[in-house]
Amino acid sequence: MRVRVLLFAGLRERLGTGALEIRVEHAATVADVVAALRSEHPLLDGQPFATALNAAYAGAAVTVQDGDELALIPPVSGG
Amino acid sequence: MAIALVEAPIDVAALTAAGGAESGGLVLFVGRVRGDTGGRRVLRLEYEAYGPMARRELERLEERVRAGFDVHRVDIVHRIGVLALGEVAVAIAVWSKHRAAGFEACRFAIDELKKTVPIWKKEFFEDGAVWVGDRP
């Protein structure tokens, strides 16, 4: 299945795009998607980020559905 | 208003006129673009947000503040885009019967905003730029 991935701030600049798509197995978890991303995009190595699924923080064990939007959230710095 | 993510300058005066007669106090926090960070001269800031999630997190924060403190009304406005020195990046207005709850709630609101809301700032210096939070 396909998952849309959103990138922001330093990660967006590092990878040169704000959005990309990745294919993962059915019933993949957030951790699986992140692992697939890391193997396709070595530029993510060593970069700290949290994850959000469909605009809400989601941990590594959460299951991802086809068409979901996964955001990589680098350390926030609003205010 | 309650919460907002805006590109236009924040109207702080409007925030100070939103409460009702039940509130004996208004605590207002206004965050501005500071001209230096760690001794380096800052030229301007750029704020970026994950819009839908930032709005959702701001709404959750506003609900948490109203549920956790004895306050009447909470307004939180954050600006995104390029901001010059001295411009207002964030404003939080907390209306309460008494001042103690208002001060506590406002402090909590800005501290939590900085930890949880997906907004990022980039500092521009004379010799480069850096996303805050990316520093080792």
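This is a predicted model: local features need pLDDT of at least 70, side-chain atom pairs count only at pLDDT 80 or more; totals for chains, interfaces and linings use all residues.
Local features need pLDDT of at least 70 and side-chain atom pairs pLDDT 80 or more, while totals for chains, interfaces and linings use all residues. Residues are numbered from 1 along each chain as written, chains are lettered from A in the order written, and side-chain values use heavy atoms, without hydrogens or water.

Reader: How many residues of strand β5 of chain A are buried?
Author: Strands are DSSP runs (E, at least two residues), numbered from the N terminus. Buried means under 20% relative accessible area with a 1.4 Å probe, protein chains only. In β5(A), residues 69-73, the number of buried residues is four of five.

Reader: Which residue of β5(A) is the bridge partner of A:Arg4?
Author: Two strands pair if DSSP finds at least two bridges between them. Strand β1 (residues 2-6) of chain A runs parallel to β5(A), joined by three bridges. The partner of A:Arg4 is A:Glu69.

Reader: What area is buried between chain A and chain B?
Author: Buried area is the accessible area (1.4 Å probe) that two parts lose on being put together, summed over both. Carbon and sulfur atoms give 55% of the total. The area is about 1900 Å².

Reader: Which residue of chain B meets A:Glu13 in a salt bridge?
Author: A salt bridge is a side-chain nitrogen of Lys or Arg within 4 Å of a carboxyl oxygen of Asp or Glu. The rule finds two across this interface. In one of them, at 2.6 Å from N to O, the partner of A:Glu13 is B:Lys122.

Note on methods: Buried means under 20% relative accessible area, exposed over 50%, partly exposed in between (1.4 Å probe, protein chains only).
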